[in-house]
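Have the model open while you read.

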Amino acid sequence: MITINQVAEAAGVSISTVSRVMNQSSSVSVSTRKRVLEAIRELGYVPNVSAAKAAARKSNKLIGVLFPDISNNVFGRILQGINSVVTPLGYNIIICETNGELEKEIHFLNVLKDKQVEGIIMANVQIPQQQLMWIRKNRRPVVYVCQDIPDFEMKIPASSVNMDNRQAICDMVHFLYHMGHRSIAFIGGPLHDLSAGKKRYDGYMKGMKECGLTIRQDMMSFEESFTIQAGYHGMHQIYERSSMLPTAVLCACDNMAVGAIGFMYDNKIEVPQHISVTGVDDSNLASAIRPSLTTVRHATTDTGVKAAHLLLEYIAAPDFAGGAFKVPYQLLRRQSVRQINP
């Protein structure tokens, strides 16, 4: 377990200076505060309860969390990470479920502002300029998870914590290629979603080109949501339009993969004997269904820990620059993909 002594040593300061930073004392210079907070974040230091109470004494101890679907265990893993950091510091979390709707997101942002939360961690289907303007106007620090911040010329107190969606899907194409697959279809989500939509599609295209595979429009379907129903519909479209079935279909998320498998079950197409299927997220469904789903695991508790540390840095040092931070991902091979001879 990381101790306050190790934090002090890493930051090149005394233990009392680390304590003053955590107590939000104004006697610490901005440069020293930044150095200490950076050491805390990099080491993953979580204070003991007594120090935590002191650190939060001058705070209203409220942090807002906005997730589109609180039943999704991907967000559950992130929330566990957030809790592990902020709860020992005496913070309370207000959780809001937005269903991925912009109107609800703006509504809850205003509610959280009225509650005087010190900062917000949120996951979005998209980040419109209207939301970025809200952050700029209200000066509430926001850390986005599982989404990238679009280009915005005005400086705002916002950061993002996400995996490299483009490279993750590219890696999945390469995996399927090495498993012998040469005809790989794609079921994607809405392209206005910068991460799960656009960048996962870009990753598919990048992987197909790098592997020298033919890209066919009849082997691609783009849906308006990331639901099981959308995956079912997308597979139906590919089935109806293509002259022959692909040997594998890469889905933009696990829910869509489950929907695609459902369509194939209804049409007596066996997975993976006739066609292999992959997803992204490693949701509860991925390991529960049969065949179990090959997928990309990301958004772990470490994502929540990273997001919480970033938010605390914003709260302690309002001029904190922030940025876009990438977290690792893992390709999990399960039963839904088989090796074939190309």
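Helices (H or I, at least four residues) and strands (E, at least two) are taken here as DSSP runs, numbered from the N terminus. By that count the protein has 13 helices and 12 strands.

A quick word on the ground rules. This is a predicted model, in which local features need pLDDT of at least 70 and side-chain atom pairs count only at pLDDT 80 or more, while totals for chains, interfaces and linings use all residues. Residues are numbered from 1 along each chain as its sequence is written, and side-chain values use heavy atoms, leaving out hydrogens and water.

**Overall build**

The C-alpha trace spans about 70 × 40 × 35 Å along its principal axes.

How much of the protein counts as buried? The answer is 54% of its 342 residues, with buried meaning under 20% relative accessible area, exposed over 50% and partly exposed in between (1.4 Å probe, protein chains only). The accessible surface comes to about 15,100 Å², and carbon and sulfur atoms own 51% of it. Those areas come from the Shrake-Rupley method with a 1.4 Å probe; for residues, only the protein chains shown count as cover.

Now for contacts, meaning heavy atoms within 4.5 Å. Among contacts with a separation of 6 or more, 70% are between residues 24 or more positions apart.

On the charge side, there are 35 positive and 30 negative charges, and their mean positions are 6 Å apart. Lys and Arg count as positive and Asp and Glu as negative, with His and the chain ends not counted. Each charge is placed at NZ of Lys, CZ of Arg, CG of Asp or CD of Glu.

**The cores**

A nonpolar core here is a set of buried Ala, Val, Leu, Ile, Met, Phe, Trp, Tyr and Cys residues joined through side-chain atoms within 4.5 Å. The largest has 66 residues, and Phe67, Ile184 and Tyr204 touch the most other members. Helix α13 (residues 301-316) gives the most to this core, with 8 residues. Apart from it lies another core of 26 residues, including Ile269, Ile275, Ile289 and Leu293.

Back to Tyr204 for a moment. Leaving aside neighbours within four places in sequence, Tyr204 is in contact with Ile169, Val173, Ile184, Ala185, Phe186 and Met220.

Most residues other than glycine have a negative phi, and most peptide bonds are trans.

| Cis peptide bond | Omega |
|---|---|
| Val271 to Pro272 | near 5° |
| Arg290 to Pro291 | about 0° |

Pro272 lies in the loop between α11 (254-266) and β9 (276-278). Pro291 sits in the loop between α12 (284-288) and β10 (295-297).

The loop between α11 and β9 also holds Lys268, which has a positive phi of about 55° although it is not a glycine. Lys268 is exposed, at a relative accessible area of 73%. Arg139, another non-glycine residue with a positive phi, has a value near 55°. You'll find Arg139 in the loop between α7 (129-138) and β4 (142-145), where it counts as partly exposed because its relative accessibility is 45%.

With 45% relative accessibility, His274 is partly exposed. From His274 to Gln167 is 107 residues in sequence and 27 Å in space, C-alpha to C-alpha.

Leu43 belongs to helix α3 (residues 30-43) and is partly exposed, at 33% relative accessibility. Not counting residues up to four places away in sequence, Leu43 touches Ile2, Gln6, Val7 and Ala10. Leu43 and Lys306 are 263 residues apart in sequence, yet their C-alpha atoms are 11 Å apart in space.

Finally, is Asn341 buried or exposed? Asn341, in the segment after β12 (330-332), is exposed, with a relative accessible area of 77%.
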